[in-house]
Amino acid sequence: MKDVTDCYREFGDDRLPPGQRETSAFPVLSKSGTPPFDPETWEFRVTGAVENELSFSWDEFRALPAETQRQDFHCVTGWSTFDREFTGVPFLELADRAGVADDAVHVLFSALDDYTTDLPLEACMREEVLFAWELDGEALPRDHGGPLRVVTPHKYAYKGAKWVDGVEFLTDPEPGYWERRGYSETANPWREERYS
């Protein structure tokens, strides 16, 4: 298992970001209800400014090279939970397979509930950004984004789409669901970048 809980050292002196409280619980927050998931029809797509657009069924996605990481998780509402174990496909694996175009600068994640969230490409091209299907050794619970969610331990968790089903590489930034409603584009917990 890869331990990336020290990634905070790049951003601040303390593992617990300012304005956060540590909890052993894992609260559930979503913009709306849990969307349906059918493994027979689910499709994950990689599109946009890439050399090779990709498409995966659920079984094909699960067959991609995966790893388990120990991560911390920070919610914009003010809580953090430490030492969570996520298993899934690294963002870097998909970026490598797709061949990111030279003019790509941004990434937009999409989800089964029509949620979107965006990040600069450089914020995604990190070892700890995962498309996770397992949490603490068990299938990712549906209300936590199962079958698949993005985890971004260096950002507030709204940057990690639940129920993710695609990633688009963009040549210009495009704000996501919460970003259009005034949330921070950068979402750095150690700078308390909650709102724009």
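Visitor: Why is Arg-97 called partly exposed?

Guide: Arg-97 has a relative accessible area of 36%. Buried would need a value under 20%, and exposed a value over 50%, so a residue in between is called partly exposed. Keep in mind that this is a predicted model. Arg-97 sits in helix H2, residues 91-98.

Visitor: How far is Arg-97 from Gly-78, in sequence and in space?

Guide: The two are 19 residues apart in sequence, and their C-alpha atoms are 36 Å apart.

Visitor: What makes Lys-2 and Glu-67 a salt bridge?

Guide: Their side chains meet with N and O at 3.4 Å. The cut-off is a Lys or Arg side-chain nitrogen within 4 Å of a carboxyl oxygen of Asp or Glu, so the pair qualifies. This pair links distant parts of the chain: Lys-2 belongs to strand E1 (residues 2-3) and Glu-67 to strand E5 (residues 67-74), 65 residues apart.

Visitor: Are Lys-2 and Glu-67 buried, exposed or partly exposed, and how do you know?

Guide: Lys-2 has a relative accessible area of 30%, and Glu-67 comes out at 23% relative accessibility. Because buried means under 20% and exposed means over 50%, Lys-2 counts as partly exposed, and Glu-67 counts as partly exposed.

Visitor: How do you know that Glu-10 and Arg-126 form a salt bridge, and what does the pair tie together?

Guide: The closest N and O atoms of Glu-10 and Arg-126 are 2.9 Å apart, and the limit is 4 Å. Glu-10 lies in the loop between E1 and E2, while Arg-126 lies in the loop between helix H3 (121-124) and strand E9 (130-135), so the bridge ties together parts that are 116 residues apart in sequence.

Visitor: Which of the two partners is buried and which is exposed, and why?

Guide: Glu-10 is exposed, because its relative accessibility is 52% and the exposed class starts over 50%. Arg-126 is buried, because its relative accessible area is 15% and buried means under 20%.

Visitor: What makes Lys-159 and Asp-118 a salt bridge?

Guide: Their closest N and O atoms are 3.8 Å apart, so the pair falls within the 4 Å limit. Lys-159 lies in the loop between strand E11 (149-151) and strand E12 (164-170), and Asp-118 in strand E8 (residues 116-120), so the pair ties together parts 41 residues apart in sequence. Both Lys-159 and Asp-118 are buried. Elsewhere, salt bridges that share partners join Lys-2, Glu-67 and Glu-127 into one network.

Visitor: How many salt bridges does the structure hold?

Guide: The structure holds 14 salt bridges.

Visitor: What makes Asp-38, Glu-40, Asp-59 and Glu-60 a surface patch, and of which charge?

Guide: The four residues form a negative surface patch. Asp and Glu count as negative. A patch takes residues with over 30% relative accessible area and no salt bridge, and joins like charges within 9 Å. Glu-40 has a relative accessible area of 70%, so Glu-40 is exposed. Glu-40 is placed in the loop between strand E2 (21-22) and strand E3 (43-48).

Visitor: Is Phe-26 buried or exposed, and how do you know?

Guide: Phe-26 has 15% relative accessibility, and the buried class is under 20%, so Phe-26 counts as buried. Phe-26 is in the loop between E2 and E3. The C-alpha atoms of Phe-26 and Thr-81 are separated by 6.9 Å, although the residues are 55 apart along the chain.

Visitor: Which is buried and which is exposed, Asp-114 or Trp-163, and why?

Guide: Trp-163 counts as buried because its relative accessibility is 2%. Asp-114 counts as exposed because its relative accessibility is 66%. Asp-114 has a positive phi of about 70 degrees and is not a glycine; Trp-163, not a glycine either, has a positive phi of about 50 degrees. Asp-114 lies in the loop between strand E7 (106-111) and E8, and Trp-163 in the loop between E11 and E12.

Visitor: Which peptide bond is cis, from Gly-146 to what residue?

Guide: The bond runs from Gly-146 to Pro-147, with omega near 20 degrees. Pro-147 is in the loop between strand E10 (138-139) and E11.

Visitor: What does UniProt list for residues 34-178?

Guide: An unreviewed UniProt entry lists them as "domain: Oxidoreductase molybdopterin-binding". The span is 12% helix and 41% strand, and its end C-alpha atoms lie 17 Å apart.

Conventions: Residues are numbered from 1 along each chain as its sequence is written. This is a predicted model: local features need pLDDT of at least 70, side-chain atom pairs count only at pLDDT 80 or more; totals for chains, interfaces and linings use all residues. Side-chain values use heavy atoms; hydrogens and water are left out. Patches are made of residues with over 30% relative accessible area and no salt bridge: like charges are joined within 9 Å, nonpolar side chains (Val, Leu, Ile, Met, Phe, Trp, Tyr) within 5 Å. Accessible areas come from the Shrake-Rupley method with a 1.4 Å probe; for residues, only the protein chains shown count as cover. The place of a charge is taken as NZ of Lys, CZ of Arg, CG of Asp or CD of Glu. Helices (H or I, at least four residues) and strands (E, at least two) are DSSP runs, numbered from the N terminus. Buried means under 20% relative accessible area, exposed over 50%, partly exposed in between (1.4 Å probe, protein chains only). UniProt positions are given in the numbering used here, feature names are shortened, and annotations may be inferred rather than shown by experiment.
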